[in-house]
Amino acid sequence: MATYDLTQRMIPYLDRHLAFPLLAHLSEQEFFPAKQLQEAQYELARRTNMVDYSVSLFEQLHPDEEVPEEFGSKRSNVETTNERLQKEAQVVLDVIENPEVAQALRQDKMQNLNYLREKHNLTHEEINALYHFGQFQYTYGNYSGAAQFLYHFLVLSTDPELNLSAQWGKLASDILSGDWQTAKDELDRLREAIDNRSTTLVPPAAAGVGIDSASSTALAQLQGRTWYLHWSLFVYFNHPEGRHALLEVFLSPAYLNTIQTSCPWILRYLAAAAVISRKTATSGRIRHAVKEVVRVVQMENYQYHDPITDFLKMLFIDFDFEAAQKELGEAEKLIENDFFLQNFKDEFLDNARYFISEAYCRIHRQIDIADLSARLNLSREEGEKWIVNLIRDTRMGADAKIDLSRNIIVIDKPHAPVYQSVIERTRGLSFRTQALGVAMQRRAMGEQVQREGERRPRGERGERGERGERGDRGERGGRDRRDRGQERDQQEQAIPPPPPAVEVA
């Protein structure tokens with residue numbers, strides 16, 4: 001199962017603090033040497049302000065060595081900086097926590113800033129102190145405190161750069177605090193900010209290297225969506241409605257393109273969410289999500305595949321039930337050891353067996369229960385119970401019957417009437433015929449105009465061209481003028497010449 005572990009691929013797109021739960025999970029699974037994982041945790045922790053945690057990891061790695069003095073000086077520096085930033089932030093908190101001030105604040109941030117500056121002498125620098133203190137709280141592991149101060153900062157700040165940074169910090173704080181509803185709300189706001197090109201930051205690497213602003217903004221947007229896809233997994237696989245939201249977001253064109261471009265391994269979680277959400281699907285898009293996921297899995301199979309994606313491929317593309325059975329067994333082991341999917345093993349297996357049964361029953365009229373149980377990776381007794389519940393609880397009950405004497409399932413699905421088949425196959429035929437006739441007529445008219453242009457004398461074409469140029473400076477343009485000229489010529493040819501005695505004006 002270490003072959004299918006995605007931790008090394010995902011950590012580069014996560015914050016240091018979000019990587020700690022993944023490494024702790026790997027320590028429990030014992031896929032990698034314990035010392036190697038402790039070293040990785042230590043390298044992450046020592047670059048943060050979590051001094052006590054870093055010291056404990058150092059003692060585990062080097063039990064015979066003394067703790068370096070640098071940790072003592074770092075602890076005192078953290079305490080001093082924390083006190084200073086707290087005093088600076090408290091100035092703003094004393095004002096905004098006043099009930100009269102809280103009542104006077106409105107939705108308009110500029111109006112609030114003018115009010116605070118005029119009535120309480122608060123400046124932008126003092127409001128930014130909330131951001132710096134919240135950020136510092138996050139660095140040493142006080143995630144709930146960081147979320148609180150970053151929230152107050154986002155309510156007041158108009159700085160787009162600091163606001164986007166604060167949104168990422170607020171989301172990480174809510175995730176690590178386990179406040180999943182707040183984290184989902186923050187995730188929706190962050191997605192809106194990323195999708196809005198005007199608020200997407202330009203990467204520092206794009207400055208001064210000949211990359212135009214449009215390209216750098218698009219690159220920053222791609223990077224932001226890539227980070228969003230990885231961070232959102234913490235929320236979507238812990239929130240009660242998270243799997244449905246994951247399908248809605250990940251299957252949208254912008255984020256699906258990001259998966260295919262930057263992080264194809266996210267297809268594992270997209271495929272798992274599509275299978276898990278079968279029973280609880282509410283919208284039509286979610287109910288048909290498996291078809292869209294299968295299409296993407298087939299397209300990106302050369303870039304990434306694992307037992308979960310291979311299960312869908314074998315079942316819905318290759319119709320290889322034996323291979324699907326094998327991949328389902330591997331997928332069960334994978335899910336047991338995956339950080340995000342480990343709590344959804346039973347739901348995944350139940351829905352996967354439903355897909356196998358549905359596909360198997362479509363192409364067979366009589367099914368041996370023992371054979372189907374084996375294909376579902378169940379014992380004969382478990383398979384019989386599962387199949388009975390399946391027939392009873394789904395629409396198969398009207399078409400399937402169990403013959404206990406022969407231990408088989410008989411599928412007696414009535415054939416559709418001939419006239420209904422004809423209606424379904426010819427539905428929309430008249431519209432398609434009409435569209436085809438219009439297309440042929442347009443093509444014929446275009447060929448006729450081209451032939452007339454080739455036969456027209458050079459002088460006439462030149463005169464028409466001069467008319468067209470004058471028409472461009474006129475009311476409707478040269479093309480309309482030429483069309484009117486052709487119609488007038490045709491009308492003049494159709495009208496007989498007047499008698500000689502009649503004087504025509």
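This briefing walks through the salt bridges of one protein chain and the overall makeup around them. The model is a predicted one. The protein chain has 26 helices and three strands, and a search of the whole structure turns up 14 salt bridges.

**The chain as a whole**

- Of the 505 residues in the protein chain, 41% are buried.
- Looking at contacts with a separation of 6 or more, 59% of them are between residues 24 or more positions apart.

**Arg84 and Glu88, helix H5**

- Arg84 and Glu88 pair up through their side chains in a salt bridge, at 3.5 Å from N to O.
- Both residues sit in helix H5, which covers residues 69-96, and because they are four residues apart there, about one helical turn separates them.
- Arg84 is partly exposed at 45% relative accessibility, and Glu88 is also partly exposed, with a relative accessible area of 36%.

**Arg191 and Asp195, helix H11**

- Here the side chains of Arg191 and Asp195 form a salt bridge, with 3.7 Å from N to O.
- Helix H11 spans residues 180-195 and holds both partners, four residues apart, or about one turn of the helix.
- Arg191 has a relative accessible area of 25%, so it falls in the partly exposed class.
- Asp195 is partly exposed too, at 31% relative accessible area.

**Glu447 and Arg443, helix H24**

- The salt bridge between the side chains of Glu447 and Arg443 comes in at 3.5 Å, N to O.
- Helix H24 runs over residues 429-455, and since Glu447 and Arg443 are four residues apart in it, they're about one helical turn from each other.
- Glu447 counts as partly exposed at 37% relative accessibility.
- Arg443, at 61% relative accessibility, counts as exposed, because the exposed class takes in values over 50%.

**A salt-bridge network**

- Beyond those pairs, there's a network of salt bridges that links Lys170, Asp174, Glu186 and Arg189.
- As background, side chains with opposite charge can pair when their charged atoms come close.

Notes. Residues are numbered from 1 along each chain as its sequence is written. This is a predicted model: local features need pLDDT of at least 70, side-chain atom pairs count only at pLDDT 80 or more; totals for chains, interfaces and linings use all residues. Side-chain values use heavy atoms; hydrogens and water are left out. A salt bridge is a side-chain nitrogen of Lys or Arg within 4 Å of a carboxyl oxygen of Asp or Glu. Helices (H or I, at least four residues) and strands (E, at least two) are DSSP runs, numbered from the N terminus. Buried means under 20% relative accessible area, exposed over 50%, partly exposed in between (1.4 Å probe, protein chains only). Contact means heavy atoms within 4.5 Å.
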